[in-house]
Amino acid sequence: MSAGKVIAGLAAVLVAAEGAFAVAANGSSKLLRPPGIQGEADFMARCIKCGKCIEACPYASLHAAGPAEGAAAGTPCIDAREQACRLCKDFPCVAACPTGALRDVAERSDPKAGYARIDEEVCIAYQGYRCEVCYRICPLIDQAITLDFQAMENDDIHTKFIPTINKDVCTGCGLCVERCAVDEPYVPIRIVTRAEQERDGGR
Amino acid sequence: MSISRRNFVKSAAIAMATAAAAGSVASMTGCAPKVNEPINGDSVKKTLAVCRFCGCGCGVIVETLRGKVVSVYGDPENDSNRGLNCVKGYYLSKILYAEDRLTKPLIREDNSLKGTDEGFREATWTEALDLVASKLRETWKADKSRLAYWGSGQQPILEGYATSKFWKAGLRSNNIDPNARLCMASAVVGFMNVFQTDEPAGCYADIDHADVFITWGANMAEAHPMLYSRVMTRKISNPKVKHYDVSTLGTRTGATADKVILFGNNGDLAITNCIANYLIKNKTYDKRFVEAHLQFKKGTENIGNADNDGYDKSEIGQKVDATESITFEEYAKRLEPYTWEYASKISGTPVEDIKELYELFANPDIKILSFWTMGVNQHNRGTWMNHNLHNIHLLSGHYCKPGDTGFSLTGQPSACGTAREVGTFCHRLPADLVVANPQHRRYTEAVWNLPENYLEDIATPGFHTTKMFRELSNGNIDFLWSANNNWAQSMSNLTRFLGRGAEDKRGIFDAFIVVSEVYPTISTKYANVVLPSAMWIEREGAFGNGERRTAVFEKAVDPPGDAMWDMWQLMEVAKRVLQDEKIGQEDAFDLLFGQWYDKDAADFKQESQREVCKSMWEEYRTFSNPDLNPRAAAINSDKDEKFGAKLKMEAKQLAPYEEYIYQHGMTWPVREIDGKWYPTKWRFAYGDQKEGYDQIGIEKYGDKGLAGDASFYKSADHKPSVVFRPWEPPAEVPDDEYPFVFCTGRLLEHWHTGTMTRRVPALDNALPEALLDMNPLDMEALGIKDGDRVKLVSRWGEVEITASSAGRTQPPQKYLFAPFFAEETLINLVQQEMYCPLSKEPDYKKTCVRVEKLQG
């Protein structure tokens, strides 16, 4: 195993530890929320756990957070790898929300539930494979994800087609996570949620 | 700590790259499988292979451990891809191991359940082969026009060779055709008409030299992923390099092009004629090239469409291939109506865009590389459009120079190597030979050691693919055998061909259908017997890719259960069908196959599949090495002046089998210099053979010192034919009832009908569903939202599908796209069965449909 692998493995452990710490320290989780979230604190203050948004979702993308999430248990969240948000044109989940915990979305590009981040170590596009599944599946193709063409080292006839996330445009719908063609040793694309952004100062 | 697959792949790749640098990969992957350092006490075996999927033909290295493939990665020494793959290639190892592999022969007991997976029982090989052979023999003896074989551009070269030999010499039937008819036939007829030799003159390395790329009806970014990576390398290495995408809809290829030029209404024919018109009118054509190399012709026009089963035999249908010579001036005259305005009116393309394309061809100082594929071939005037692309490249002298040429991209891994080079078409014989030509039949008889005139019986071509399935539906085919394809999903007009339409078109339920397969498919649902086959690297084989590269894949693992090599299946059927038959005084089977197969032992005579292939290759390569057979050599040189022409068979020269392993594939013609074999990268271009130019071919048959250092020595009078081909409309034109133009094609994640890639969980997850791409304005007008179910209705049939505006393709208004990989969304139920009258290739790109929103 290369040194790079060891570091990546350690990083994964650190991320997991960081997550656990975050729940314990802040009392808030880092869940991926439905479209219309205006900030984790704002959302938590308004959400009454009525489940109406979960019922309204035609794709069954939303589910109630489990008891391990502490105060957030029962609030709506998305497991992007399982079933991502499809960014419905009419946002039935937002329309169903009685308290405005989810609000203010009109266009498919409006939601800001988070943004996607790619692990360059594991993503096979970074190795030169023509993959880019995340790019082609993106509902905001050529906007939220674009391709960056980079020369390959030691190969003068091929180019890396690097999927590149535009953080300001990405809605955090998670479809790229759901469809990613790689899952070993782990899925190399994930959503940095609003909660995480706030906790980490927008990183 | 257990090593993850990815780490394993990566470390293995590094090991290979290191070995490659030391120049030792060839020896590592030579004849005998070599072993690596042991892992956990067992040894990893490395073998050489070629990707199972598209026409790019990427080389791969396969690693097996304890009889199972553990990794597949790009072969750094295969010059087609030099070590890289797409995501399909990344998952190659997984295609072998889905749970529902066919491992036992199946015999249908209940014919009333035909069309379903039910009604089969497991059988022994003896029982299944006896049944298949008895049905084939019975049909053959009764009326051999009623039997058919449907092969494939995914059939390995020698399996295709043996099948063709059995069908054409054993059964003396031309009712054999491959699925390449649905894919490359228009390109083939174009090459044969223009150059009298098939396949592109150039190679993939042309990409590294081009200044301008033009993709015509080619979604390379998705359908030829590794080649497109190479195009992008050329582009980023030099900002002056431009890419124009000429298409009917926005694709991922267009998304990365410098300019997208959209057209409709068969306007590609008008645009290319318009370019030719102004090249001549403005005297911007290449005068020296034209005078040295070209002749001019016109052909039959107003040819209508193959809208009835009797079209080929109709008065016009019989004249479609006819051409006559005209002068350059007459050709110019015929082009005159194609003004900027007229071409723009026909195509809907702005005049400025057509002018911009013209300016490229009018510029002698840039290198233009045109790529075209299914948008050009699957076209009711597909052959004509192939002509027109050759025409503008030839007139402007942008031909046959590195980076400056026209290149027809191939769809399947061995459409070139098997369907085209072996000649598994109903009108062909191996190596560019055709059944209708007496000299070609004599030559084939010589190589196959048949009595002279034995092949007179097959002078008339048999049923081409659509004819085959039309006659099957009409009840005029009693026996059909298919392998390496999935016709029940990939054929057009499935409503008719699957017996779901008119009462008098349900012959599929009465015919005896044999399907050799590796997984259950829609085709196996219609089978009477299913024969379980060895898949990909479960046997030895070879593919010939889009740049004329022949490459071997070694057997790496055994097939599961009772699954068997297709070659063995063929031998076992052939020996039964030909029992007690004679050719001259000799036993028919032994004369054809006795060199390789012992019918009493029911096994091959050679010790290994490698030795079988090597021996059979020696016979096959005699076609392109006439000196190996004195009788063939005399016909090749027309020694007795019986035929009035030389065949020049060496134009396709192939090397001894093992060279292809040692050199990780080679592009033909392959030439021997001082005991070493050298590929030809640029056919008809004079230069040093060792640098990849066609030195030996030109010195033997051509002329040196002509314009562009080119010599088209295979063409009649050494002059390719520029044939005037006019604009004629699509087979169907949108109207109030069917206002949309519907196109189908491939997407990157899935291969063809998805029977392999959809069984790879990661690929299935990446693209789980076939969506109908619509223009958002059309969706709004019809009240359709993303994710709504809709019904597509054509004159031919209907299918339900989910609508999308997600942008994978971006159709303009009134255009639609959906891929054909998903069997639950059988979009070929709506596709028209109209084909190009010359190539007989169906038009999959412009069936007229309407879209109905489904309630609920």
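Two residues are in contact if their C-beta atoms, placed from the backbone, lie within 7 Å.

**Entry 1: the model.** I note that this is a predicted model, in which local features need pLDDT of at least 70, side-chain atom pairs count only at pLDDT 80 or more, and totals for chains, interfaces and linings use all residues. Residues are numbered from 1 along each chain as its sequence is written, and chains are lettered from A and ligands numbered from 1 in the order in which they are written.

**Entry 2: two helices of chain B.** I took helices (H or I, at least four residues) and strands (E, at least two) as DSSP runs, numbered from the N terminus. I looked up where α10(B) meets α13(B): B:Gly267, B:Ala270, B:Ile271 and B:Cys274 are in contact with B:Trp340, B:Tyr342, B:Ala343, B:Ile346 and B:Ser347. These residues divide into 7 nonpolar, 2 polar and no charged. Here Ala, Val, Leu, Ile, Met, Phe, Trp, Tyr, Cys and Pro count as nonpolar, Asp, Glu, Lys and Arg as charged, and the others, Gly among them, as polar.

Helix α10 (residues 267-281) and helix α13 (residues 340-347) of chain B pack at about 165 degrees, with axes 8 Å apart. Axes are lines fitted to C-alpha atoms, for helices over the stretch in contact, and angles run from 0 to 180 degrees between N-to-C directions. The two helices are therefore roughly antiparallel (an angle over 145 degrees).

**Entry 3: helix α5 of chain B.** I checked the length of α5(B), residues 157-170. At 1.5 Å a residue, its 14 residues should span 20 Å, and the end C-alpha atoms are 18 Å apart, which agrees. The expected span is 1.5 Å times one less than the number of residues. I found 14 of its 14 residues buried (20 or more other C-beta atoms, placed from the backbone, within 10 Å of a residue's own). Just after α5(B), B:Arg172 takes a positive phi of about 45 degrees.

**Entry 4: B:Asn386.** I found B:Asn386 in helix α16 (residues 382-395) of chain B. B:Asn386 is buried, with 29 other C-beta atoms within 10 Å. Leaving out residues up to four places away in sequence, B:Asn386 touches B:Ser186, B:Ala187, B:Gly190, B:Val376 and B:Ser408. B:Val189 lies 197 residues away along the chain, yet its C-alpha atom is 8.4 Å from that of B:Asn386.

**Entry 5: chain A against chain B.** I looked up the interface last. In it, 27 residues of chain A are in contact with 31 residues of chain B. On the chain A side, β5(A) gives the most, with 5 residues.

Methods:
Angles under 35 degrees count as roughly parallel, over 145 as roughly antiparallel, 65 to 115 as roughly perpendicular and the rest as oblique. A residue is buried if 20 or more other C-beta atoms lie within 10 Å of its own, exposed if 12 or fewer, and partly exposed in between; C-beta atoms are placed from the backbone.
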